[in-house]
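Dear colleague,

Please find below the structure that I am handing over to you.

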Amino acid sequence: APAPVLTIDGPSGSGKGTISALVAERLGWRLLDSGALYRAVGYAAGMAGLDLSDVEAVTRCAQGTKIQFRAAPDGGETRVIVNGHDATDELRTETAGAAASAIASMPSVREALVALQLGFRKLPGLVADGRDMGTVIFPDARYKVFLTASAVERAKRRYKQLKEKGLSVTLAGLQREIEARDSRDASRAVAPLKPAADALLVDTTGMGIDEVVAKVFAVVQP
Ligand code: C5P
């Protein structure tokens, strides 16, 4: 039987990244941060000076970009290596998020990243975090969760996260950017942001991290 998969989808700031990492660690499963792949392609395209609306050029870029995840030696944040360069810091900005969202609307770019994502599915299991994990990439996943939270709370979480990493951002600006990105992700024709029919919906507004982890964990080990 193929390795079990837990998909955790949702909009930006819903807590997917944090929750996925904690649950994967607790289960001893692998982790796929699919957003990092789109961010990496957007970044590589930008570095190559490509026009981010040039579908053919960006698709070739997606096909040719080497993306690696490397565990930090100190147990800290996983590093993302793009064409041999550690781009972790560049990838976390909202500018990188917006570039990712722009190129992620191209079906041929999404197609170029499918095999890479499927390759993460290995025993003992995989926690896959993104927008279309439960709907498109792992429709047969054994466990599916969709996390949401109010727009204000999501902006606040992202604000806190980026501030902690030393980035200069404003809450109002961030909320505007996140709303623009979410509405583009939700309205695109291919793999739009939406819960799988069989996903457990969890509104995390006002919930602490431990509470959300417990809820998600209960899906896998009821
Ligand atoms: O999750 P993260 O904020 O890193 O994702 C960045 C962008 O990548 C999203 O706004 C979305 O447009 C795109 N994405 C996607 N499909 C995924 C994961 C991310 O289209 N599975």
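The notes that follow go through the sheets, the helix packing, the backbone details and the ligand surroundings.

Please bear in mind throughout that this is a predicted model.

**The parallel sheet**

An open sheet is built from 5 strands in the order E2-E6-E1-E7-E8, and the pairing in this sheet is parallel. Its edges are formed by strand E2 (30-33) and strand E8 (200-203), each of which pairs on one side only. On average, neighbouring strands of this sheet are turned by 20 degrees against each other, with direction ignored.

At one end of the order, strand E7 (residues 143-148) pairs with E8 in the parallel sense over 4 bridges. Phe 146 stands opposite Leu 201 in E8. Helix H11 (residues 209-220) lies across strand E1 (5-9), E7 and E8, and runs at about 160 degrees to E7.

**Helix H1 against helix H11**

Helix H11 also packs with helix H1 (residues 16-27), at an angle of about 55 degrees and with the axes 10 Å apart. An angle of that size makes H1 oblique to H11. The crossing of the two, H1 and H11, is right-handed.

On the H1 side, the contact is made by Thr 18, Ile 19, Leu 22, Val 23, Arg 26 and Leu 27. Their counterparts in H11 are Ile 209, Val 212, Val 213, Val 216, Phe 217 and Val 220. Sorted by class, the contact of H1 with H11 holds 10 nonpolar, 1 polar and 1 charged residues.

Strand E4 (residues 79-82) pairs with E5 in the antiparallel sense over 2 bridges, and Ile 81 stands opposite Asp 86 in E5.

H2 passes H3 in a right-handed crossing. Val 41, Ala 44 and Ala 45 of H2 meet Val 58, Cys 61 and Ala 62 of H3. By class, this contact of H2 with H3 has 6 nonpolar residues, no polar and no charged ones.

**Helix H9 against helix H10**

Helix H9 (residues 151-164) packs with H10 at an angle of about 115 degrees, and the axes of H9 and H10 are 9 Å apart. The crossing of H9 and H10 is right-handed. From H9, the contact takes in Ala 151, Val 152, Arg 154, Ala 155, Lys 156, Arg 158 and Tyr 159. From H10, the residues are Leu 171, Leu 174, Gln 175, Ile 178 and Glu 179. The residues in the contact of H9 with H10 divide into 7 nonpolar, 1 polar and 4 charged.

**Backbone details**

Two places in the loops should be noted. Leu 123 and Pro 124 are joined by a cis peptide bond, with omega at about 5 degrees. Pro 124 belongs to the loop between helix H7 (114-118) and strand E6 (126-130). Asn 83, although not a glycine, has a positive phi of about 50 degrees. Asn 83 lies in the loop between E4 and E5.

**Surroundings of the ligand**

Which of the 15 residues around the ligand come nearest? They are Gly 35, Tyr 38, Ser 101, Ala 104 and Gly 130. Two or more residues of the shell around the ligand are given by each of helix H2 (34-47), helix H5 (94-104) and helix H10 (171-187).

With kind regards

Terms used:
Residues are numbered from 1 along each chain as its sequence is written. This is a predicted model: local features need pLDDT of at least 70, side-chain atom pairs count only at pLDDT 80 or more; totals for chains, interfaces and linings use all residues. A residue is near a molecule or strand if its C-beta atom, placed from the backbone, lies within 6 Å of it. Two strands pair if DSSP finds at least two bridges between them. Axes are lines fitted to C-alpha atoms, for helices over the stretch in contact, and angles run from 0 to 180 degrees between N-to-C directions. Two residues are in contact if their C-beta atoms, placed from the backbone, lie within 7 Å. Angles under 35 degrees count as roughly parallel, over 145 as roughly antiparallel, 65 to 115 as roughly perpendicular and the rest as oblique. A crossing is left-handed if the near helix is turned anticlockwise from the far one by less than a right angle, and right-handed if clockwise. Ala, Val, Leu, Ile, Met, Phe, Trp, Tyr, Cys and Pro count as nonpolar, Asp, Glu, Lys and Arg as charged, and the others, Gly among them, as polar.
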